[in-house]
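Here are a few notes to read alongside the model. Have it open and turn to each spot as you go.

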Amino acid sequence: MTVLEQPGAYRPTPPPGWQPRVDAAPLLPDTEPYRVLGTAAAADVSPDLLTRLHRELVRGRRYNAQATALTRQGRLAVYPSSTGQEACQVAAGLVLEDRDWLFPSYRDTLAAVVRGLDPVDALTLLRGDWHSGYDPHAHRVAPLCTPLATQLPHAVGLAHAARLKGDDVVALALVGDGGTSEGDFHEALNFAAVWHAPVVFLVQNNGFAISVPLAKQTAAPSLAHKAVGYGMPGRLVDGNDAAAVHQVLAEAVHRARGGGGPTLVEAVTYRIDAHTNADDATRYRPDSEVEAWRAHDPITLLEDALRDRSLLDDEGVRAARESAERFAADLRTRMHQDPVLDPMELFEHVYAVRTGQLREQAAQLRAELDAEAGEAGKGER
């Protein structure tokens with residue numbers, strides 16, 4: 001079978017007989033972000049799911065606050081907070097099966113924690129310690145990716161390989177609105193659509209690429225509209241509505257697992273905190289804008305919905321907060337313990353078989369460490 005004989009192959013036909021390869025209408029996103037909370041659809045959401053989302057949101061907010069405090073105390077080199085974006089993080093962490101893979105960016109440590117990663121391990125890279133801080137294969141969580149959007153082609157490659165092998169695996173790749181301006185975004189979506197890869201792209205549109213507003217990044221009607229150009233469906237969702245984000249992602253994952261191919265999901269949300277602890281957000285956005293988004297807080301939206309269904313009361317709120325405090329206290333205690341580091345581990349997990357250059361460098365470091373130990377021993381005598 002030639003390429004042109006494959007199903008759906010493009011057969012060039014001169015006008016007026018030319019027809020588009022696919023109907024674009026089913027790929028178009030909604031004109032408004034999809035919402036569940038505060039609508040009739042909220043009544044159809046499982047009470048267990050809503051209460052689980054609430055617990056994770058409250059814990060996630062406290063996690064963000066604690067990690068930010070650890071940065072100020074010098075225990076982390078940097079922390080990109082996801083405060084205000086917790087609904088996206090929590091939904092992404094809960095929606096996958098154990099066999100699936102999560103591909104996070106540097107701002108997505110909370111999603112990894114919700115998926116089951118130890119928070120200390122999730123923060124290890126931002127602490128400046130030991131590679132990615134965890135075994136990606138054991139947790140099905142790819143290393144935190146600091147370069148913008150480079151995790152997206154990785155997700156597509158893994159998903160495509162799984163499809164070729166017949167493995168029932170879906171990849172969920174997270175990226176910010178700034179990452180959609182990178183070439184890796186284009187390459188990933190193009191390959192994913194052409195290969196029909198079982199991958200879901202979640203764009204957390206928090207309005208800014210550090211200080212660059214979305215209007216200076218794209219002229220598209222929405223980031224979800226970009227999906228149409230690649231031949232995949234685009235979904236637009238309220239990124240602060242945890243139930244809506246979970247539903248949309250679950251549908252996209254189900255579609256991918258069933259052979260339907262990739263989906264691009266844009267979650268409209270907002271980064272309440274600065275880009276990182278090194279950023280002064282007051283230089284590019286007014287406080288009034290931040291306060292407007294605080295009124296659309298994901299925790300408040302969910303708590304109101306839970307109270308409306310008599311699924312949450314003051315005692316439930318207090319219990320969730322106390323649990324989150326215990327979580328933060330444990331994280332704080334363990335992060336204040338100085339790690340015991342072996343410099344030789346620098347060469348571990350780089351190549352399956354060390355290159356000659358790495359062996360030479362490792363030998364040089366070993367000699368330097370032995371010399372330092374020898375000098376220290378002399379001083380003690």
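1. Start with helix α12 (residues 314–335), where Glu 315 and Arg 318 both sit, three residues apart, about one turn of the helix. Helices here are DSSP runs of H or I, at least four residues, numbered from the N terminus. The two side chains meet in a salt bridge, 2.4 Å from N to O; the term means a side-chain nitrogen of Lys or Arg within 4 Å of a carboxyl oxygen of Asp or Glu.

2. A quick word on the source: this is a predicted model, where local features need pLDDT of at least 70 and side-chain atom pairs count only at pLDDT 80 or more, while totals for chains, interfaces and linings use all residues. Residues are numbered from 1 along each chain as its sequence is written, and side-chain values use heavy atoms, leaving out hydrogens and water.

3. Now look at Arg 61 and Asp 297, another salt bridge, with the closest N and O atoms 2.8 Å apart. This pair links distant parts of the chain, 236 residues apart: Arg 61 is in helix α1 (residues 47–72), and Asp 297 is in the loop between α10 (287–294) and α11 (298–308). Asp 297 is buried at 11% relative accessible area, while Arg 61 is partly exposed at 23% (buried is under 20%, exposed over 50%, partly exposed in between, with a 1.4 Å probe and protein chains only).

4. Over the whole structure, a search finds 20 salt bridges.

Key. Helices (H or I, at least four residues) and strands (E, at least two) are DSSP runs, numbered from the N terminus.
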